[in-house]
Amino acid sequence: MNLRRDVFQAIADPTRRMILLLVASQAMTAGAIAANFNSARPTVSKHLQILTECELLEQQQRGREIYYHLNPEKMKEIADFVEPFRKLWEERFDKLESIMKNYKSKK
Amino acid sequence: MEPKTKVNAEDGKQDLRITREFELPVELLFKAYVEPQIVEQWMGTKVIKLESKKHGGWKFQTSDQEGNVLFQANGVIHEFIQDEKITRTFEMEGAPFEVQLEYLEFTKISDDRSKLDMQIIYRSNDIRDQMLKVGVGMAKGINMAHNRLEEIVSKLK
């Protein structure tokens, strides 16, 4: 298994992006994060481990609980973050165009 | 070749613009935003509600094969001008982002070409950037079936 983790590898996964989204507004425990997913708890733990290893998430001990929060500095490293968003819309619009072209010819 | 879809997100601002030209008459482009069955096809999400009129509401939902809800979004339509303009709010449910405002303007270029200009306004610059960085992952939940297919295919290689 490749132990070298970089931010792009980390955000390539939809579940991990969802985790980042969840902790974007407030620090959460592993349990609270896992409650948002149907995946098994160890799967979510694995994702948390990867995100922590690449420093997108930071751990903070509060009493007995460990809270995960977003590391804004590391998030800034994701420089060209507009491109995946653009691609998402390009895909949708391409689909829209082809559907409507068929729609037109069927009429 | 220049990409067809352009996204302009200026540094420090709290909005962004998405523009795209279509080889479609403006009436057909507009229809793709109004007809629930068509929206479902290109957005890849289920349309629970889509009241295309002033003060109408909308709600989209995506579930996996087991019926678990992966993505849910809703909003209200503030302005609706046939073949010209839709102004609406957009809120992703279960996400820590506040509602965003969307202006969609449809322009006729010729009889079979049209343009869409979409402006999305977020509560703050930070929220806009976070949404761009990780919101794509949420939106991709919409294309979960497609993603799964890609995963299976990539494993076969």
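**Two chains in a predicted model**

Me: In this predicted model, how many residues of chain A are in contact with chain B, and which element of chain A gives the most to that side?
Reply: The contact between the chains involves 29 residues of chain A and 32 residues of chain B. On the side of chain A that touches chain B, the elements giving two or more residues are α2 (14-23) and α6 (82-106) of chain A. By class, that side has 19 nonpolar, 2 polar and 8 charged residues. The element that gives the most, with 17 residues, is α6(A).

Me: How many helices and strands are there in chain A, and in what order do the elements run?
Reply: Chain A has 107 residues, of which 28% are buried. Its elements comprise 6 helices and 3 strands. Read from the N terminus on, the order of these elements is α-α-β-α-α-β-β-α-α.

Me: Is α2(A) roughly parallel or roughly perpendicular to α4(A)?
Reply: Helix α2(A) packs against α4 (residues 41-53) of chain A with the two axes 10 Å apart and at an angle of about 70°. The contact is made by A:Thr15, A:Arg16 and A:Ile19 on the side of α2(A), and by A:His47, A:Leu48, A:Ile50 and A:Leu51 on the side of α4(A). Angles from 65 to 115 degrees count as roughly perpendicular. The angle of about 70° falls in that range, and therefore the arrangement of α2(A) and α4(A) is roughly perpendicular.

Me: Which residue takes a positive phi in the hairpin of β1(B) and β2(B)?
Reply: Strand β1 (residues 5-8) of chain B runs antiparallel to strand β2 (residues 15-22) of chain B, and 4 bridges join the two. Across this pairing, B:Lys6 stands opposite B:Thr19 in β2(B). The hairpin has 6 residues between the strands, and the residue with a positive phi near 80° is B:Gly12.

Me: Why is B:Ile77 classed as partly exposed?
Reply: B:Ile77 lies in strand β5 (residues 69-81) of chain B, and, leaving aside neighbours within four places in sequence, B:Ile77 is in contact with several residues, including B:Trp58, B:Ile86 and B:Arg88. A residue is buried if 20 or more other C-beta atoms lie within 10 Å of its own, and exposed if 12 or fewer do. B:Ile77 has 19 other C-beta atoms within 10 Å, so the class that applies is partly exposed.

Me: What distance separates the C-alpha atoms of B:Ile77 and B:Glu102?
Reply: Along the chain, B:Ile77 and B:Glu102 are 25 residues apart. In the model, the separation of their C-alpha atoms is 9.5 Å.

Methods:
Residues numbered from 1 in each chain as written. Chains lettered and ligands numbered in written order. Predicted model: local features only at pLDDT ≥ 70, side-chain atom pairs only at ≥ 80, totals over all residues. Contact = placed C-beta atoms within 7 Å. Nonpolar A, V, L, I, M, F, W, Y, C, P; charged D, E, K, R; others polar. Axes fitted to C-alpha atoms, helices over the stretch in contact; angles between N-to-C directions. Parallel < 35°, antiparallel > 145°, perpendicular 65-115°, else oblique. Pairing = 2+ DSSP bridges.
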